[in-house]
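Trainee: I would like to learn how to read disulfides and annotated spans in a model. Could you take me through a case?

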Amino acid sequence: LHKTVYVLFLLFQILGAVILGFGIWILADKTSFIAVLQMSSPSLKTGAYILIGVGALTMLMGFLGCLGAVNEIRCLLGLYFTCLMIILLTQIAAALVIYFQKETLKVELSDIVVDLIESYDPSDEDKRNLQDAWDYVQIQIACCGWTGAKEWENNEILRNKSNAEYPCSCSNRSKDLVEGRGFCTLEDPVNGTATYADWPVHEQGCMDGVEQWLKDNLGIILGVCSGVAVMELLGMILSISLCKNIHSEDYTKVPKS
C-alpha cells in the first residue's frame, strides 16, 4: 500500500510542477500568440497567476498527503482531500465558464488583435515585445490580420503612406521575412492609393489558423485535462480510504474490557 501511496503522490508532485511551469511559461513567453494575449488581456495574466498558485498548492498537497499517509495523520489526509476537491471543482467551473463564454471571449480576442494592428508602429519601443509577438504569429501561421489583410489598411502609418507599404510579417516572399517585422515597400509603383490586394501577402486571416490549431490539438488538450481530473479523483479516493483505514485501526487498538 505504501508503494502505491508513494507513486500516486509522486505523480501529484509532477502534476503540480507541470501546472506551475505552464503558468510561468505564459508570463515569460514573448514570441507566440500567448504573448499577444497576456500582454493585451489582464484576464490571461490573472489566469497565469492562478495556474502558478494551483501548481504550487498541488505540489504542497502532494507532500502533505504523502506525509499524512505514511505517518497515518488523518487531519493531513483530510486537508489533502479537501484541497483536491476544491481544485477539481475550480477546474470544472473554469471549463464551464470558457465553454459558455466562448463567443464573448472570441469577440474580446478579435478586439485585442484589431486594436494592435491599427496602432502597430515599428518605432514604438514600448510596444515592441507585443508587436514582435504578433509578427511571429503571422510568420508561423502564414496569415495576415485577424480576419484578413484588409484590416491592415486601417493602420495609421500605412494609411498615411497611401498603403504603398505593407507588413513584412504578412509577406509570402521569403526575402521580406528576413527582417520579419515593420513595413516593406511595394516594388512596383502604384498610381494613387494602393489596397491590400496589391500587396504580396497571405490571404488567410490568423483567426482561421488559430482555430485550426485548436481543432488539431483539441484531442491532446482534452486528453491532458481528463488525465489530470482522473489523477485528482484517484487522489481523493485514496486519501478518504486511508482516512477510514486509520479510523478502523484506531478502534482495533482500544483495549477490550
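Predicted model: local features only at pLDDT ≥ 70, side-chain atom pairs only at ≥ 80, totals over all residues.

Trainee: How many disulfides does a search of the whole structure find?

Mentor: A disulfide is taken as a pair of cysteine sulfur atoms within 2.5 Å. By that rule the search of the whole structure finds three.

Trainee: What is the pattern of the disulfides along the chain?

Mentor: Counting bonded cysteines along the chain, the pattern is 1-6, 2-4, 3-5.

Trainee: Which parts does the disulfide of Cys143 and Cys206 tie together?

Mentor: The sulfur atoms of Cys143 and Cys206 are 1.9 Å apart. Cys143 sits in the loop between helix H6 (128-141) and helix H7 (156-160), while Cys206 belongs to helix H8 (residues 206-252), so the bond ties together parts 63 residues apart in sequence. The torsion about the S-S bond of this pair is about 85°, so the disulfide is right-handed.

Trainee: And where do Cys144 and Cys170 lie?

Mentor: A disulfide joins these two, Cys144 and Cys170, with an S to S distance of 2.2 Å. Cys144 is in the loop between H6 and H7, and Cys170 is in the loop between strand E1 (165-167) and strand E2 (183-185), so parts 26 residues apart in sequence are tied together. The link of Cys144 and Cys170 has 90° about its S-S bond and is right-handed.

Trainee: What is the S-S torsion in the link of Cys168 and Cys184?

Mentor: It is 120°, and the link of Cys168 and Cys184 is right-handed. The sulfur atoms of Cys168 and Cys184 lie 2.0 Å apart. Cys168 is in the loop between E1 and E2 and Cys184 in strand E2, so this pair ties together parts 16 residues apart in sequence.

Trainee: Is Cys184 buried or exposed?

Mentor: Buried means under 20% relative accessible area, and exposed means over 50%. Cys184, at 12%, is therefore buried, and Cys168 is buried at 2%. Cys143 has 0% relative accessibility and is buried; Cys206 is buried, also at 0%. Both Cys144 and Cys170 are buried.

Trainee: What about Cys75 and Cys83: buried or exposed?

Mentor: Cys75 has a relative accessible area of 57% and is exposed, whereas Cys83 is buried at 13%.

Trainee: Where does UniProt place the feature "transmembrane region"?

Mentor: The unreviewed UniProt entry places it at residues 7-28, 48-70, 77-100 and 220-243. In the model, residues 77-100 are 100% helix and 0% strand, with the end C-alpha atoms 35 Å apart.

Definitions and conventions: Residues numbered from 1 in each chain as written. Heavy atoms only, no water. UniProt positions renumbered as here; feature names shortened; annotations may be inferred. Helix = DSSP H or I, 4+ residues; strand = E, 2+ residues; numbered from the N terminus. Buried < 20%, exposed > 50% of the residue type's maximum accessible area, 1.4 Å probe, protein only.
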